[in-house]
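Here's a quick briefing on how the two parts of one protein chain sit against each other. Have a look at the structure first, then read on.

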Amino acid sequence: MKRRNLMAIAMAATMLTGLAQAQQTTLRVFSGGQNQRPDLMRQLFDQYQSANPGVKIDIETGGATSELQRQYLSTVLNAKDSAIDIFMIDVVNPAQYFSSGWIEPLDGYLGSAANVMKPYLPVYASANVVDGKVAAMPAFADSMFMYYRKDLLTKYGIAEPKTWDELAAASKKITAGEGKADLQGLSIQGAPIEGAVCTFLLPYWSQGKAFNDASGKMTLDKGAAVKGLNAWLNLVDQGVMKKNIAEVKTGDTVNEFKAGQVIFAINWGFAWDRFQGDKDSTVQGKVGVMPLPAMAGGKSATCIGGWQWAVSAFSKSKQEAAKLVRFLSSPESAKFLAVKGSLMPVYPGTYTDADVVKAVPWFKDAAAVVVAGQSRPKSERYGEVSDVIRTTTSAVLARTKTAAAGVDEIESRLRRVMR
Ligand code: GLC
């Protein structure tokens, strides 16, 4: 009798272990590069694992810049590799990934696009819906801002500049007064990275020009584009930007600003946390944030960024993956990322949440910036659009091409891609 009982218990235990094993799902998540804060994402994964003991989440991180990540994911997904279940992608990518068949539409798991996207800022609701389907879920918002040395502007009695000319004048006054040879007036991203697409578009947009229409067709005004690129070169000639600006990447601007070598710096939302929170930052408490200056006679324009979570079309655990993605794009996750890493919320209401405003005071006005900002073109061929604009812009800034030749090239190479 005893023996029979023991055997029954042993059998039940074996069955339970088997069941537990069967229920254990491992999800592998590609979580972007350093600027996408995989350390904070890991904390979100840990929270999810504790609440869902049947799920284990492995994290994989990628190259530092958006285009490097795009290259990597393109290779993995072209090969229909099922190793990655979920990947984080830049706001410029859902259209291309979806039309390539790399993304599992999430409607069947989360609901219709109209319902699922309703709570999010409109730009993400639009970027993540492709052919009427939910291609990805918003992770965090982003926008380019002008960070500046508040202490130095105050010291020299200078108001926030509204135009690039005013910014040049402010920089010259401060650099002359400070007498430091290594103090740059302005730092932008001129290296041939994804961010250089925005570097091209900012002065162009601020002349009131559109790069494309709603259908994605290119509407390039060549004169305005040349004028925009020349405005950057002009700032180099005036000594406001450094000569090797064509080599500068997002992280270089952040590091040089942190080291106190830059007065004005164009960068993304995450940079605030680096300036205020990094141990090696020399500018804590000295940083202001303002809208980007405009070209004379134009109006301020900024470039919208942001990151999304997509489920791989080749995942073997799509149901579980969709569930995790819903959690990652929840209001709770948005708040966590805003408070811990100054990653901008995808929900309009989170910007004015008391804890968020306490952590990042200027977020209280930042939702309006994201709503008013402009987006890079939504295109199934975005990879090509990006390659042409960022490499040409960098070459013009390196002076291996004139602005006019660069713009001709953009026009002729993209005419067939963006039609
Ligand atoms: C930021 C933005 C992203 C952009 C990238 C460019 O990460 O969020 O949209 O493409 O910077 O460097």
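Buried area is the accessible area, found with a 1.4 Å probe, that two parts lose on being put together, summed over both. Keep that in mind for this model, which is a predicted one.

**Where they meet**
- On the domain 1 side, 28 residues make contact, and they touch 24 residues of domain 2.
- About 2,000 Å² is buried between the pair, and carbon and sulfur atoms account for 57% of that area.

**Polar links and charges**
- Nine residue pairs are in polar contact between domain 1 and domain 2, counting pairs with both residues at pLDDT 80 or more.
- Two salt bridges turn up across this interface.
- Glutamate 194 pairs with arginine 70 in a salt bridge, with their closest N and O atoms 3.1 Å apart.

**What domain 1 brings to the contact**
- Four helices each supply at least two residues to the side that touches domain 2: H3 (66-78), H4 (94-99), H7 (122-127) and H15 (331-341).
- H3 gives the most to that side, with four residues.
- Sorted by class, this side of domain 1 holds twelve nonpolar, eleven polar and five charged residues.

Notes
Residues numbered from 1 in each chain as written. Predicted model: local features only at pLDDT ≥ 70, side-chain atom pairs only at ≥ 80, totals over all residues. Heavy atoms only, no water. Contact = heavy atoms within 4.5 Å. Salt bridge = Lys/Arg side-chain N within 4 Å of Asp/Glu carboxyl O. Polar contact = N/O pair within 3.5 Å; in protein donor to acceptor, adjacent residues only side chain to side chain. Nonpolar A, V, L, I, M, F, W, Y, C, P; charged D, E, K, R; others polar.
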